[in-house]
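Hi everyone, thanks for coming. Let me put the model up on the screen, and then we can walk through it together.

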Amino acid sequence: MKSLLLAAALGLGSLAVLAVPSQDEGLELGVAAPNVTATTWFNHLGTQIDLNAFKNQAVVLEFWATW
Amino acid sequence: MVLAVSDEDAEKVGAYVDEMGLSVRVGAGSPSANAYKIAGYPSTALIGPGGKLLWQGHPSGLTNGEVEAALKGAKPLPTSFLAFTPTSALEGRVASQAKAIEQGKLARAHAALSAFGSDAKATDGEKASASALLGEVDAHIAALVAAAERSAKNRDPQKAVTLYDALAKEFGSASQGVSAKSAADAIRKDPVLSKELDAAEAFEKLRSSTAKLATAKRRDKLVEFAEKWKGTKAGERAKAAATPSK
């Protein structure tokens, strides 16, 4: 649950107050999650992150911004 | 596991990570929000074992129950970055080597898989499977070495030596171990990189020792650190982290 709290803290820490997603947005639940890429990873040792590498885990993926 | 990604550049994101003392994996320069068609920031996606999208929306709507359900059937995150989950099909006795790989025992798996080729008792299926798995191990090692080289070039020798040291320890006197050791030694002997290394280690200590301090106090420590380690990347990071973000 610690990770969940962190995720929530990250989300709430950014100042964005935006509309609750409407039904038109987001992907259909149950689909294969698209891969996630980034040019630089912080707090990560090793290779580039590939969601396939975490197929045995549950992943909380947070889209955020510093503003 | 938590991944937090932003489409902003690494400089901005890195400063924020340092300023807040974040410890989760954070990605910068990420275009992935588009692929998830998010409605706005912040937005969270919950992905279950097997890679299925289980939930998506504003993080305030994500409940413990949903996360707990996703965690059912999840295995613990590998503790070693040497470990990975093989994707090729496993035949007969090759399966036990896949288990070793998932535990990060790459040297043992590499030696055992190499031996399949000349094993008279091995079936053709096992030989083909062993060869495919060996290819995955080699590719993983190559990716780790590439990450280490990139880090050293990027003035992040701490990450580079951590990777090289782990490879050297794992492979010992085998060729992969020997080249990793010499690469780590070269970084430690280089006057510029070794100073960066000291600075990075000191910065890590600073980050953990100040993690619980109030923002203003942490900022003072960061400023002090930036002055002491002027000219190093860690010094620059401390300076950027001490500058309040808008």
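Helices here are DSSP runs of H or I with at least four residues, strands are runs of E with at least two, and both are numbered from the N terminus.

A word on the ground rules. This is a predicted model, in which local features need pLDDT of at least 70 and side-chain atom pairs count only at pLDDT 80 or more, while totals for chains, interfaces and linings use all residues. Residues are numbered from 1 along each chain as its sequence is written, and chains are lettered from A and ligands numbered from 1 in the order in which they are written.

B:R155 has a positive phi, near 55 degrees, and is not a glycine. Most residues other than glycine have a negative phi, and most peptide bonds are trans. With 17 C-beta neighbours inside 10 Å, B:R155 counts as partly exposed; buried would take 20 or more other C-beta atoms within 10 Å, and exposed 12 or fewer, with C-beta atoms placed from the backbone.

Now move to the loop between α2 (32–35) and β3 (43–47) of chain B, which holds B:P42. A cis peptide bond joins B:Y41 and B:P42, with omega about -10 degrees. B:K37 is found in the loop between α2 and β3 too, and B:K37 has a positive phi of about 50 degrees.

Let's zoom out. Chain B has 11 helices and 4 strands, and buried residues make up 36% of its 246 residues. It is divided into domain 1 (3–71) and domain 2 (94–189), with bounds from an automatic or database domain assignment. Their C-alpha centres lie 31 Å apart.

And how does chain A join in? 55 residues of chain A are in contact with 70 residues of chain B, contact being C-beta atoms, placed from the backbone, within 7 Å. α1(A) gives the most to the side of chain A that touches chain B, with 8 residues.

The two chains also share strand pairing: β1(A) and strand β2 (residues 25–28) of chain B pair in the antiparallel sense over 3 bridges, where pairing asks for at least two DSSP bridges. In β2(B), B:G27 is the bridge partner of A:W41.

That's the tour, thank you!

Note on methods. Contact = placed C-beta atoms within 7 Å.
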